[in-house]
Amino acid sequence: MIEQFITSFIASSAFGIIFNAPVKTLFKCGFVGMVGWMVYIGLYEYTLDSVFATLIASFFIAIISQFFAKAYKTPMIIFNVSGIIPLVPGGLAYDAMRRVVENDYNAAIPLAAKAFMISGAIAIGLVLSEVINQIIRKASLRKMVQ
Amino acid sequence: MENKQNQTFEIIEVCLLAGKIMLRSGAETYRVEDTMTRIAAAYGILHSHSYVTPTGIIFSIDSHNPTKLVRIIDRSTDLQKVAKVNSVSRLISSGELSVQEAYGHLKEIEHDAHAYPIWIQIAAASIASGCFLIMFQGDWTDFLPALIAGGIGFSCLIYIHQLVEIKFFAEFLASFIIGLIAVLFVVLSLGTELDKIIIASVMPLVPGLLITNAVRDLMAGHLVSGISKGAEAFLTAFAIGAGVAVVFSFY
């Protein structure tokens with residue numbers, strides 16, 4: 001478990017370097033990635049559903065990224081790009097493609113569908129936190145008007 | 001009148017330059033549109049229209065002003081530039097930068113180099129590959145093979161991409177080399193699980209981020225951007241899969 005903590009932290013900050021994130025933010029990028037990955041791993045072991053686990057993990061990533069973006073006045077994309085890296089279905093997409101070029105279409109299609117579902121789950125998780133943020137802001141505005 | 005016309009031209013230039021840098025650095029489509037509209041509004045142009053796709057930006061202002069177009073040829077992920085353009089646009093919104101100053105700042109940002117030297121990037125890619133192996137429940141004995149294959153693969157990608165302009169060819173060759181190295185480690189019995197080593201070492205190349213961005217753009221209603229980013233991601237995944245599959249056909 002501890003090795004998962006450490007490796008996800010290092011991998012996320014290493015991707016921060018590849019994506020040229022400012023030096024000051026590397027540590028925070030690693031933190032966001034680590035939290036996302038731990039939520040994913042925990043939920044996956046509990047429910048065995050990777051799509052659901054990815055959805056919740058990316059929701060957490062978006063919330064932390066929004067918090068960091070406000071606190072450090074940097075665009076949110078810096079934190080959530082590095083944060084979702086451990087979750088993105090790169091391995092699945094590659095696996096599906098490898099099956100296609102090996103002419104094994106029957107194995108390729110479920111893998112591709114899974115990769116698509118997971119990337120959709122990441123996107124929905126990211127958008128969901130923005131939606132909730134907007135709803136809270138608008139609801140409190142309406143209260144003030146009344 | 002003449003002066004006002006010139007001023008408007010310069011504002012359009014600043015908006016387009018900001019949009020161009022952001023789009024080339026991997027910012028989301030809706031954020032590029034939002035930033036350009038905000039900059040224009042800060043300079044007193046309230047009715048601007050922008051149409052952003054991954055390959056070009058069209059920016060137009062109501063009334064008799066010209067519409068301008070910028071072509072985007074190469075795209076990469078460069079978060080530092082996104083952050084810098086963002087802070088320039090913040091300064092513009094608060095009225096602290098004149099049009100000329102903003103243009104100068106943006107030009108500087110455009111020519112900024114990557115903040116980390118290439119060897120640090122390669123080291124980061126190889127360490128990330130090693131860490132991914134552990135994250136995908138791999139064995140610690142495969143850590144070193146994944147680290148080496150990932151590092152060499154990423155350096156090949158950078159080197160070949162400088163030689164040939166075609167990105168997909170570079171990705172194909174890089175994943176081919178990763179496949180070769182991984183097979184070599186397993187044949188020499190220095191590594192155990194071939195699949196895990198390969199998946200971990202191709203992680204720095206795979207278009208996971210593009211796939212996710214494509215879905216996000218689609219959900220935000222940017223249908224053209226979403227589909228074209230999806231196509232780009234598909235081509236990259238195809239190049240990587242094909243590169244590794246060529247190795248498998250020999251093995």
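B:Glu28 and B:Arg31 form a salt bridge in this predicted model, with their closest N and O atoms 3.0 Å apart; a salt bridge here is a side-chain nitrogen of Lys or Arg within 4 Å of a carboxyl oxygen of Asp or Glu. Being a predicted model, it is read with limits: local features need pLDDT of at least 70, side-chain atom pairs count only at pLDDT 80 or more, and totals for chains, interfaces and linings use all residues. Residues are numbered from 1 along each chain as its sequence is written, chains are lettered from A and ligands numbered from 1 in the order in which they are written, and side-chain values use heavy atoms, with hydrogens and water left out.

B:Glu28 is buried at a relative accessible area of 3%, and B:Arg31 also counts as buried, at 17% (buried means under 20% relative accessible area, exposed over 50%, partly exposed in between, with a 1.4 Å probe and protein chains only). A second pair, B:Lys229 and B:Asp217, meets in a salt bridge of 2.8 Å, N to O. This pair links distant parts of the chain, twelve residues apart: B:Lys229 belongs to helix α10 (residues 223-250) of chain B and B:Asp217 to helix α9 (residues 208-219) of chain B. B:Lys229 counts as buried at 9% relative accessibility, and B:Asp217 is buried at 2%. Salt bridges with shared partners join A:Glu130, B:Glu28, B:Arg31 and B:Arg216 into one network.

Over all chains, the structure holds 15 salt bridges. One of them brings together the side chains of B:Asp74 and B:Arg24 (3.1 Å, N to O). Here the partners are 50 residues apart, B:Asp74 in the loop between β3 and α3 of chain B and B:Arg24 in helix α1 (residues 2-24) of chain B. Both count as partly exposed, B:Asp74 at 44% relative accessibility and B:Arg24 at 30%.

B:Arg31 returns in the second largest pocket, where B:Arg31, A:Met76, B:Asp34, B:Arg38 and B:Arg90 lie nearest the centre among 20 lining residues. The volume of this pocket is about 850 Å³. On a 1 Å grid over the protein atoms alone, a pocket is an open set of points where a 1.4 Å probe fits, with protein on both sides within 12 Å along at least five of seven lines, and lining residues have an atom within 4 Å of a point. Helix α2 of chain B gives the largest share of the lining, five residues.

Chain B has ten helices and three strands, these being DSSP runs (H or I, at least four residues, for helices; E, at least two, for strands) numbered from the N terminus. Strand β1 (residues 48-53) of chain B pairs with β2(B) in the antiparallel sense over six bridges, where pairing requires at least two DSSP bridges. These two strands form a hairpin with two residues between them. On its other pairing, β2(B) is joined by four bridges to the antiparallel strand β3 (residues 68-71) of chain B. B:Phe59 of β2(B) stands opposite B:Ser50 and has B:Lys68 as its bridge partner in β3(B). Five of the six residues of β2(B) (residues 56-61) are buried, so this strand is largely enclosed by the rest of the structure. Across chain B, 52% of the 251 residues count as buried.

Technical notes:
Points joined across faces, edges and corners; volume = space filled by probe spheres on them.
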